[in-house]
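Colleague: I have a new structure to look at and would like to go through it with you. Can you put it up?

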Amino acid sequence: MCKYCRTIFFLSIVLILFTFVAGAQDRVSKTLDKNYIWNIQDTSKAGDLHVVFRKSFTVTDINTSASLNLFAYNRFSVFINGKYLMRGPVRFENKGPEYASCNISSYLKKGKNVIVVVVHRFDHTGQIMAHEAGFTALIMLGDSKNSQIKTDGSWKVSQEFSYLHRPFAWSSIRENIDARKMPANYISGTFDDHSWENAVAVKNLKNFVPLRKQELPFQQETDINNIVVNGKPASRQLPITVKKGDTLKVTLPDYYQAYVSLDLDAEAGTLVHIFDKDGELNNAYITRNGLQNYTSFNTYGTKHFVIYVVNGSLKLNRLRVIERRYPLKRVGSFTSNDKLLNSLWDRLTRSLQIISEDAYVDCADRERVEWMDCDPPAFDVTRTAMEGPDLKGKKMYADARLLKQMLRRTALSQGPDGRVKAHTCSDRWDIHGYMEDRACDWVEGVRRYYESTGDKAFIRELWYPITQQLNWFLARRTERGLVKAREWELSTNPLRYQVCEGTGLNAFIFKALADAAYLGKEIGHNKESLFFGDAAEKLRTAINKHLWDKNRGTYYSGYMDDEDAAKKMFAKQHCNITMNNGYAEPTFEAAIFAVDQGIVPTARLDSVRQFLKDKWDKPYCFMSYYYSFKQMYAENDNKSDGKILDMIRERWKPMLDYDWQTSWEHYFEEGSKVHVYSIFPAYFFSSYVLGVRPDGPVWTKKVIIDPRLGDLNYASGSVVTEFGKIAVAWTRTTDGMKFNINVPKGVSATLKLNGEHKVADFQLNHKKMVIEKTGNQYGINLSSGKWSGAIKYAD
């Protein structure tokens, strides 16, 4: 890198960090930044490090408020007076760490108290980036500075010797523990730590970025009931004596992201394996003598796992499995005369809960990585079915906090050339380190977040990274005005991995530019808004000029200036794509993204839709149907509405037949069986079958109510919106439909009904009303309140 480039890179990083930190630092974070401690180990080398910190302190007034603020590179668990408090921190990019803060008053007693923090500096995974070790904390007893307890040399510290070398795993952290190597009960308040060393200050803090306070609520931890062991309820069998060669097959009532806790009485040296052949749980524990507890630090996606005694013997006195996830509460609902669809809504919304941790993650059984393409569809389902924990007394319907953190962490992943990574909080740099279409998803996600919350401060925070990413795209325009970069969008896209002037990617870039133009105007960056708006229109013009196949009435999938190289790539990927003078033949993917991203002129729209019409139900990857269903619903045709439900019944039924009953990654090939990609029918059931959707940004306080029952006789439920729940019920009659609607206070709605037939009668709250037809739908405006009605058609 040349000197000039290094200077530009340095200045850009400084500006990005300033943008994120400015206004976010508080008095606590500034204190924490100065007081990192560790033991005397060399922390500069890669690999796992494990230490335990202890601090005794005196409380004279238990009625005084008390809070704990802490952070560690890169994981910790906390115990106060021997009682488990929490684990953390939330996953983070090294450019944007966040400290945890919680009230600890109920954990304290009058007199001597002891806090124990077990800190792990794990080697990098899909959730953890490599970094030097360090731990910092601030206990505040009341409001006085004199009652603050900081991390310093008075804290006692010991290496945690029981954690042995472990096999690397990309998702969950596997554990290999020899309990004999640490004294019993070192987390208790009565343990004698006088022989432990004193902590030392971390001196070189050049790579320790200023902290900000964690915005996400803490993950919810819930004991799982009704555990079965070897086919019988565990509660009726414990304690169980287990000897060499014995196997305990543990079955949970559902699939969970959870950690395991075993209370044991054992002879020293007994080796226990705890593993799940279908997941990442694969831990080993060697017992010390006597009563003891093994609790896994990490969580694992599991429904069935095995406890196997390799040698020795033990008595299992208690078995706990604790689910740990983001506290999304399902407050939406969906019921129809189709039990399969009802079950799907239930299991797909449950799947969202499973893959919502301190981030939306791609899957629970394999990676647990925050990819930018986790949304869509994660926030779609959150926005229509979920409520998060209250924020300062406010109900958090359609909770956007996980989406916000995904967007922020993606921005923090930005490299010196302006590109943001496809996934966050990891050091993975393979072919999927950067993915161009995911960067476009990111910009679209920023707009989705803004229109759901009205949070202009956050848009200002992300504005500079957005401009840098878009300028990276614009710098790659060819003489045709098209962006030449790598295609992907979907795993079934025949052009995936091709560096070309692709219709799909260029359509995504157009939408990202248009979204940036909108956002820039909203925050007063009018000059940049006009620039990106102009760039968007020029790109749309170029796509329609150079990538339109007039003979097929749709779009070429892309242009490749090296046709021979493209053909070799197609052959390697077993894609049967023909080329002519550098143009690759039209594909479903090119057409669907052209329509979905808004680049198709009105005069060409019918032609492209006709091209798509006989391709809707071909075997594509699941996410292709997310885009297909939107366009099929746009046809406003009851036959298409019914076709969507038939496709869901056929393609999603195997998930219900599978043991876990969770959402899958792929329809027709192997992949994760707990994956974000296929949860979106739950969104369509709420937003299209029940018909409740936003009508503009949240500040307009408007919704559309547009039921699409397809072949259903009735459907009812509650759809979550930013304004609260909207309850609707639809029942077909022999000549029309009856309905009930409850519009929240302060919200207006537009009711839209099928316009394929002439209306004979329309009743609203027992009064005959006139309902106007616009296009191919009837519509009428509703104010807040309860509405019941019926529509009868003449034919």
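Modeller: A term to begin with: a residue counts as buried when its relative accessible area is under 20%. This is a predicted model, and of the 795 residues of the protein, 61% are buried by that cut-off.

Colleague: Pick a sheet. What is the strand order in the open sheet of six strands?

Modeller: The order is β5-β4-β7-β2-β10-β12, and the pairing is antiparallel. β5 (83-88) and β12 (197-198) are at the edges with a single partner strand each, so one side of each has no neighbour in the sheet.

Colleague: And over how many bridges do β4 and β7 pair?

Modeller: Six bridges, in the antiparallel sense, between β4 (residues 75-80) and β7 (residues 111-121). Ser-77 stands opposite Val-118 in β7.

Colleague: Now a helix. How many residues of α13 are buried?

Modeller: 11 of its 12 residues are buried, so α13 is largely enclosed by the rest of the structure. Among them are Phe-622, Tyr-625, Phe-629 and Met-632.

Colleague: What span should helix α13 have?

Modeller: At 1.5 Å a residue, α13 (residues 622-633) should span 16 Å, and its end C-alpha atoms are 17 Å apart, which agrees.

Terms used. Residues numbered from 1 in each chain as written. Predicted model: local features only at pLDDT ≥ 70, side-chain atom pairs only at ≥ 80, totals over all residues. Heavy atoms only, no water. Helix = DSSP H or I, 4+ residues; strand = E, 2+ residues; numbered from the N terminus. Expected span 1.5 Å × (residues − 1). Buried < 20%, exposed > 50% of the residue type's maximum accessible area, 1.4 Å probe, protein only. Pairing = 2+ DSSP bridges.
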